[in-house]
Amino acid sequence: MLERGSRIRRLVEGTALVGACALSVLVARPAEACGVPESGLTSSVPEDGAIYPGNAALLFDGWGIGLDGITVTVDGEPAELLPAAFDDFVADLAVVVEPTPMAGQTVVVSGSFCPDEGCEPVTITYTAGPEDVEAPQPLVEESFFAVYDHADFMSSGGDCMSDSDLTLYVHLSQAIPAPGEPSLFTIAWDPDGEGDLGFRRTVRVPTGAKVAPLSLVTEQLGGKDPRTEVCLEVTAFDAAGNAANTFELCPACFAREDALPRETETPPEPDWTEADGVPGSPCAGEQPLTTGEEPTGTDTSSGGDSLSESSSDSVSDTDSGGATGGEDGDKGCACSTHGGDPGDVGRFLLFVLGLGLALVKRRS
């Protein structure tokens, strides 16, 4: 009997040891450090060969880029690149050509955007079109925002991400602009009028619609309920500086809350239902706000991207007051994380480990 008990005890101890080893593999590991991308130009507005308003700013995106090695000519004559007079930066470099090119003139931007890093020279040639004198046309009735109060995310400090307690998904809609002429939308909320709270973000909307995710920390709200007490001020303008009337979005249209673990600062946008409608909003249904449901929406960093070109496609974000973007958070970061919820297998092994230790204690 004692021999049989000894065998059982050894079996349980062995099972517990295997479970502990398996759990050591399944549990979360520290996030890998954010890699520094290679310096260089990644995109430009206008693109090479385009027709672009002569009075519109040129937008250049990339990593470690500058203008020291760049020259510009208009019909072969030297010109200058001067900073664009925007309230917010809408690209890594936003500049205007001086003197302003006239319609039909050829503009050539050439040189290396990072000569000290050995970046290859580039040449961007475009034809100046008629001056842009019309502001973008935002479709206010089709624009709204939604609130996802997800589990808090805390950055490791070297993972290219920022702390995030909740995310606002701002749906922006507009009449489709001319090809190659993106609209720019500034989204802002300043509850105390001093800029100490709230947030401000400028995003580029190259087509008719875009979803801009703004991941925030609770302190930015100043105790306000993001569903009913946050009113976003939205202003659409273009690269030539033409601005539409500012409009307001509030209350939130949809809201959802859950505590499901997250591995990024900006999770995908949930698939909203009537049950998520905020009372008093056009999206309100007959049911109360939902909680505890897993979002099943698709990635919002594209033209439904939400504004997380922190990521970077043709969208550029700027951020003050601590708001962060998705895809594109910090431009150019190559990030990855490993680990997370052990899952069903991990929980089963944890159960076996606890059972084994209990039996060992009992038989000893």
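Six aromatic pairs turn up in this structure, which, keep in mind, is a predicted model. Let me walk you through a couple of them.

A pair of aromatic rings is described by how far apart the centres are and by the angle of the planes. Take F60 and F113: their ring centres are 5.0 Å apart and the planes sit at 50°, so we call this pair tilted. In the chain, F60 belongs to strand β3, residues 58–63, while F113 is in the loop between β7 (106–111) and β8 (122–129). That puts the two 53 residues apart, so to speak a link between distant parts of the chain. And are these residues buried or exposed? Both F60 and F113 are buried.

Now over to F86 and F237. Here the centres are 5.6 Å apart with the planes at 55°, so this pair is tilted too. F86 lies in the loop between β5 (77–83) and β6 (93–98), F237 lies in strand β14 (residues 232–238), and so the pair ties together parts 151 residues apart in sequence. F86 has 17% relative accessibility and therefore counts as buried. F237, at 10%, counts as buried as well.

There is also an aromatic cluster for you to find on screen: F144, F254 and W272 form it together.

Let's finish with charge. Which residues gather in a patch of negative charge on the surface? They are D190, D192, E194, D196, E233 and E248. If you zoom in on D190, you will find this residue in the loop between β11 (183–189) and β12 (199–205). Its relative accessible area is 38%, so D190 is partly exposed.

Technical notes:
Residues numbered from 1 in each chain as written. Predicted model: local features only at pLDDT ≥ 70, side-chain atom pairs only at ≥ 80, totals over all residues. Heavy atoms only, no water. Phe/Tyr/Trp six-rings, centres within 6.5 Å; stacked < 30°, edge-to-face > 60°. Helix = DSSP H or I, 4+ residues; strand = E, 2+ residues; numbered from the N terminus. Buried < 20%, exposed > 50% of the residue type's maximum accessible area, 1.4 Å probe, protein only. Patch = residues over 30% accessible without salt bridge, like charges linked within 9 Å, V, L, I, M, F, W, Y side chains within 5 Å. Areas by Shrake-Rupley, 256 points an atom, 1.4 Å probe, with all protein chains shown as cover. Salt bridge = Lys/Arg side-chain N within 4 Å of Asp/Glu carboxyl O. Lys, Arg positive; Asp, Glu negative; His and termini not counted. Charge placed at Lys NZ, Arg CZ, Asp CG, Glu CD.
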